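Hi,

Here is the model I said I would pass on.

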Amino acid sequence: MKENKLWYRNPADDWNEALPLGNGILGMMIFGGIQEEQIQLNEETFWSGWEYPEFDDPQTLAHLDEMRKMVFEGKYSEAQQLCNRYLVCRGGGHHDVDGAFGSYQTAGEIYITLPEASEENYRRELILDEGMARVTCGRSVREYFVSPTYNTAMIRITGQTDNYSIRYERQNCSVITADNEIFVAGYLPTQYAIVIKHEIKDGVLSIWITAATNYKSDADPMKVCRETIAKAMDAGIDALQKDAAEYFSSRLGRAGITFPQSAAMTEIPTNERLTNPEGDLGLVELYFNFGRYLLLSSSRGKLPANLQGIWCKDYHAPWSADYHININIQMNYWFAEICGLPELIDPFFDLIRMIAKAGEKTARVAYGCPGWVAHFDTNPWGYTSLGCNPVYGAFAAAGAWCLRHVKERWLYSGDDKIIKDFYPIIRGASEFFCAYLVKDPRNGYLVTVPASSPENSFISPDDGTAVNVCAGPTMDTSIIRELLEFNLDAAAVVGEDEVFLKILRDTLAGLMPLRIGKYGQIMEWSEEFEEAEPGHRHMSHLYGLYPAAEIRKSTPAYYEAARKTIERRLAHGGGHTGWSRAWIINFFARLADGNAAYENIIALLKYSTLPNMFDNHPPFQIDGNFGGTAGIAEMLLQSHDGCIDLLPALPDAWKDGAFEGFMARGGFKVSCEWKDGRVIRCHVIGSEGKTFRLRCNGNEIDVVGEYIL
């Protein structure tokens with residue numbers, strides 16, 4: 001039975017139970033109230049803040065040598081004090097939610113009063129492959145969807161519609177209400193507008209909603225909204241519903257998983273299933289489908305999916321609902337290539353182009369270096385400066401991490417166009433690090449300094465205090481190594497000059513290799529420090545295991561050390577946030593430990609998933625949904641280690657099943673069915689004449705073009 005529906009017996013008590021709809025630009029949260037329906041509205045560019053060029057502090061560069069000297073002398077506490085003062089941005093940085101940095105915001109609340117509605121036979125549901133929410137109560141049926149083509153959110157209510165009222169609420173805005181229209185205007189400080197129209201025709205109440213801002217545009221938002229609504233109404237509600245359904249069904253249909261399951265489980269409300277996920281394979285399938293649905297709903301417009309995708313009820317969102325580029329936005333897109341949804345990454349690519357341009361100033365002002373750099377977070381205006389605190393804000397490799405998605409696009413598609421398009425940006429990131437890295441006099445390796453391992457601390461050997469600034473944390477080195485290797489590969493495509501190639505090779509040769517510590521773990525720092533928090537949520541030093549491929553079966557010592565690293569983190573309480581638990585699933589998938597990966601899927605569902613299936617950081621943070629979806633796919637297909645590996649991390653609980661339409665690096669499309677843990681059918685399609693290696697049922701074979709079992 002296909003798992004494509006979330007459903008509930010009661011209205012949502014709060015936002016964490018409401019159901020999300022979106023088209024990548026507009027979003028709605030449906031509460032399903034009986035006599036008063038509440039719809040919380042979002043639009044992707046509803047951001048406070050503005051472009052502000054003065055976050056970079058020249059004092060960073062002025063004191064850079066002094067900070068480095070303290071670190072190299074092992075005076076970590078003194079170095080920390082200096083870095084707390086100088087290795088930071090000017091002003092409030094990402095804390096400046098009422099100022100230039102800003103925050104993603106709600107677009108307001110719509111209330112529909114239906115006094116004759118009845119709670120009889122109540123049912124609230126979200127149908128993923130139709131892109132529709134539906135509420136049934138008494139004789140009334142309400143349907144909600146958002147059209148991608150017409151950029152209009154729709155509500156259709158049949159039964160008991162003669163007596164109704166609609167109102168809109170949002171702070172600091174102007175609202176004009178006419179007979180069947182509501183016009184809203186305000187400033188964020190960008191200008192915004194919302195138009196709501198409603199009509200009854202043949203006993204059906206139709207409500208049409210759209211919103212717009214003038215983010216990076218000279219257009220009049222009210223004019224845009226009026227024209228949008230007019231086109232939508234000319235097309236008609238049936239056309240908009242068909243548009244939404246085709247958008248979701250066609251894209252969700254590109255890939256999928258199927259597990260044998262009891263039809264009886266689908267008769268249990270979703271919130272009840274989440275309390276007891278053990279053995280509920282259909283719930284895993286539903287979670288996988290829901291994750292893809294969320295990305296389809298939140299990454300299609302001018303901006304990528306943020307920390308809350310596209311859904312936000314606040315004016316000051318948690319962490320501004322911004323773009324954390326020290327793992328979170330990257331995690332949002334981990335599954336897009338393997339699940340055949342590469343176009344959803346395009347808004348992220350646009351963001352990378354923006355921060356690469358803005359980051360040139362940060363590189364020059366803060367560090368005196370060429371190229372570009374970005375730190376731990378950004379916003380819709382391309383913030384690239386250091387943060388307010390070095391524990392998270394001194395992560396200079398964040399922008400380079402973003403570029404691995406460009407690399408993945410190239411590996412999956414085999415299309416050199418992405419390299420030619422991004423090469424100046426790839427080179428710019430490399431130029432920065434080739435200039436910024438310095439030799440650590442204590443060991444002779446090139447290191448980033450002062451730096452931090454996101455967002456972790458260690459015990460300073462000089463006085464026993466918790467500090468975070470250091471030289472050459474493992475994550476920095478792993479990311480830079482991958483960047484420079486990628487730059488060399490990309491240079492072969494575009495034809496780079498030999499002088500720069502020599503700089504790349506010399507820099508690459510000077511980087512510190514991965515090292516194994518006294519606990520048998522991958523060392524997080526270049527020295528054997530004691531962790532201030534051994535169960536920390538970040539596991540940055542395992543970047544080389546996942547998402548990168550530096551640690552794999554062909555590096556057995558590091559492979560085993562990675563396992564010990566995870567076990568040590570978990571033993572001290574790690575994985576306690578939703579996205580961190582999702583990362584662990586992917587780690588265990590890469591370690592070919594299906595049972596451990598599955599145990600963490602169960603933990604993610606049981607302890608870090610809200611009733612509406614949103615990830616619970618806490619509070620809601622969408623990267624856990626996306627990371628969990630990626631982990632499920634990674635357990636079933638891997639292609640990072642030179643071959644197409646079928647069922648590399650299959651848990652005992654998934655002894656029978658199938659997946660369809662997964663993509664492998666090299667441009668291959670893969671489908672597979674298994675029984676009792678063994679593949680009984682597979683189909684791999686590649687370009688004619690293209691050779692690949694297939695790992696299946698413990699055997700490896702070389703195949704050309706297409707393979708069918």
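Ala185 stands opposite Ala193 in strand E13 (residues 191-201). That pairing belongs to a set of seven bridges between E12 and E13, which run antiparallel. I call two strands paired if DSSP finds at least two bridges between them. The strands themselves (E, at least two residues) and the helices (H or I, at least four) are DSSP runs, numbered from the N terminus. E12 and E13 form a hairpin, with three residues between them.

On its other partner, E12 is joined by five bridges to strand E11 (residues 173-177), and these two are antiparallel as well. Here Thr177 is the residue opposite Ile182 in E12. How covered is strand E12 (residues 181-187)? Mostly: five of its seven residues are buried, where buried means under 20% relative accessible area, exposed over 50% and partly exposed in between (1.4 Å probe, protein chains only). As a reminder for when you look along it, side chains in a regular strand alternate between the two faces of the sheet.

Before the rest, two notes on the source. This is a predicted model, so local features need pLDDT of at least 70 and side-chain atom pairs count only at pLDDT 80 or more, while totals for chains, interfaces and linings use all residues. Residues are numbered from 1 along each chain as its sequence is written, and side-chain values use heavy atoms, with hydrogens and water left out.

Next, two residues with side-chain polar contacts. By polar contact I mean a pair of N or O atoms within 3.5 Å; within protein, one must be able to donate a hydrogen and the other to accept it, and residues adjacent in sequence count only if both atoms are side-chain atoms. Plain contact means heavy atoms within 4.5 Å.

Thr213 is in strand E14 (residues 204-213) and counts as buried because its relative accessibility is 10%. Its side chain has a polar contact of 2.7 Å with the side chain of Thr45, and the Thr213 side chain also reaches the backbone nitrogen of Tyr215 at 3.1 Å. Not counting residues up to four places away in sequence, Thr213 touches several others, including Glu43, Phe46, Leu188, Gln191 and Pro221.

Asp56 sits in the loop between strand E4 (36-43) and helix H1 (58-62). Is Asp56 buried or exposed? Buried, because its relative accessible area is 6%. The Asp56 side chain makes a polar contact of 2.7 Å with the side chain of Ser385 and another of 3.5 Å with that of Lys361. Leaving aside neighbours within four places in sequence, the residues in contact with Asp56 are Arg90, Lys361, Thr362, Val365 and Ser385.

Then some backbone geometry to check. Most residues other than glycine have a negative phi, and most peptide bonds are trans. These are the exceptions I noted:

- Val449 and Pro450 are joined by a cis peptide bond, with omega about -5°; Pro450 is in the loop between strand E19 (446-447) and strand E20 (458-459).
- His617 and Pro618 are also joined by a cis peptide bond, with omega about 0°; Pro618 is in the loop between helix H18 (594-607) and helix H19 (623-636).
- Met613 is in the loop between H18 and H19 too. Met613 is not a glycine, yet has a positive phi of about 75°, and counts as buried at 0% relative accessibility.
- Ala321, again not a glycine, has a positive phi of about 50°. Ala321 lies in the loop between helix H7 (281-298) and strand E16 (323-324) and is buried, with a relative accessible area of 0%.

Last, the largest pocket, with a volume of about 390 Å³. A pocket, on a 1 Å grid over the protein atoms alone, is an open set of points where a 1.4 Å probe fits, with protein on both sides within 12 Å along at least five of seven lines; lining residues have an atom within 4 Å of a point. The volume is the space filled by probe spheres set on the points, which are joined across faces, edges and corners.

The lining has 21 residues, and those nearest the centre are Lys407, Glu482, Glu485, Ala549 and Glu550. Helix H12 (404-413) and helix H14 (474-494) are the elements that give two or more residues to this lining, and H14 gives the most, with six. By type, the lining divides into nine nonpolar, two polar and ten charged residues. Nonpolar here covers Ala, Val, Leu, Ile, Met, Phe, Trp, Tyr, Cys and Pro; charged covers Asp, Glu, Lys and Arg; the others, Gly among them, are polar.

Cheers
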